[in-house]
Amino acid sequence: MTIALAAMFGTALATTATAQDVTLRLHQFLPAQANVPAQVLDVWADRIEAESEGRIDIERYPAMQLGGTPPELMDQVLDGIADIVWTVNGFTPGRFPRTEVFELPFFVSDARAASYAYWTLYEEEMAETDFADVHLLGAWVHGPGMIHSSSPVSTPADLQGMKIRGGSRTVNELLTRLGAEPVGMPVTMIPETLTRGVIDGTTIPWEVTTALRVSELVENHTEFEGPALYTLTFTLAMNQDVYDDMPEDLRAIIDRNSGLDFSVFAGGVQSDADGPARQIAVDRGNNIITVAEADLGPWHEAVEPIYDAWIADLEGQGIDAQALVDRTRELMAEYEAMQ
């Protein structure tokens, strides 16, 4: 009887552990109705809640509702203020140096291919380095970064003296090389600073202009044929201890919905949203300037030194940056060949 009772008690404990409910707080910096929260994060969270039959509840906190500022998001997940965060790596300059390969000017042609490369490089190069302290759920880039400005920009000369918001240290260096005065700030500050005339323009992809009403605040938009002027990188990161403490079957649900396929999906959603956002500017009669590949020479010449400077900077940290550039190109080409 003692053995039977012990077995029954053990079974009951195991059942209780398996039936454990988990509540996860997801914190991010954009309004809930913006493209990424609505079309990427909510889709991801809803699927996990459904597959867990309600045993995982993901509370969503948009627009920094748990407090702090966007550059603090990664520390918030490390400190347990949030269980999961979505953030821009460029918010904390130099903290994730290997991810900056995707920010290099005129380097990325396709968001899905770059997101494929980013997650693969995370597994190969970054899991034990840049992101050693967190459990990564997704890693992706947006569609082509471009310039939205109060005055038309067709050539680098048009940027001389203009105050342009940049989203990372690499983009700020890009703006400096092009003759602009870079202004660093979170993306959420763009509407106010444009309205007040603090900045003359901003660098963001088309997709983000919808939530920030940028097409209402400036009338000029400069896009580029061929590879993007730049892209930024995103991470969806989870507190490692919280992940480790979850029951194995619930971790499996998280795992099934995260990783490579999810990263490519997220990058694709952001890229696909560029078209409808661009159409808003078209419908308003805004001035859309498309720099043709034949006219890119002055742009390329101005920003070429960024490659050498970035490679030298990372080599000073003991990172083989040229190998990173070469591997990234290889992986992006690999994805494109599979399509």
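The points below take the salt bridges in turn and then the helix pair.

1. The model is predicted, so local features are taken up only where pLDDT is at least 70, and side-chain atom pairs only at pLDDT 80 or more. Please read every distance and angle below as computed from that predicted model.

2. The structure holds 17 salt bridges. Side chains of opposite charge can pair when their charged atoms come close.

3. D130 and R98 form a salt bridge through their side chains, with 2.5 Å from N to O. D130 sits in the loop between α4 (111-126) and β4 (134-141), and R98 in the loop between β3 (84-88) and α4, so the bridge ties together parts 32 residues apart in sequence. Under 20% relative accessible area a residue counts as buried. D130, at 10%, is therefore buried, and R98 is buried too because its value is 14%.

4. A salt bridge also joins the side chains of E124 and R327, at 2.6 Å from N to O. Here the partners belong to distant parts of the chain: E124 is in helix α4 and R327 in helix α15 (residues 321-338), 203 residues apart. E124 is partly exposed, with a relative accessible area of 41%. R327 has 22% relative accessibility and likewise counts as partly exposed.

5. The N to O distance is 3.0 Å. D313 is partly exposed at a relative accessible area of 30%, and R169 is partly exposed at 30% relative accessibility.

6. One group of charged residues goes beyond a simple pair: D42, D46, E49 and R60 are linked in a network of salt bridges.

7. Turning to helix packing, helix α11 (residues 260-272) and helix α12 (residues 274-283) pack with their axes 5 Å apart, at an angle of about 15°. Angles under 35 degrees count as roughly parallel, so α11 is roughly parallel to α12. On the α11 side the contact is made by Q270, S271 and D272, and on the α12 side by D274, G275 and P276. By type, the contact residues divide into three polar, two charged and one nonpolar.

Key. Residues numbered from 1 in each chain as written. Heavy atoms only, no water. Salt bridge = Lys/Arg side-chain N within 4 Å of Asp/Glu carboxyl O. Helix = DSSP H or I, 4+ residues; strand = E, 2+ residues; numbered from the N terminus. Buried < 20%, exposed > 50% of the residue type's maximum accessible area, 1.4 Å probe, protein only. Axes fitted to C-alpha atoms, helices over the stretch in contact; angles between N-to-C directions. Parallel < 35°, antiparallel > 145°, perpendicular 65-115°, else oblique. Contact = heavy atoms within 4.5 Å. Nonpolar A, V, L, I, M, F, W, Y, C, P; charged D, E, K, R; others polar.
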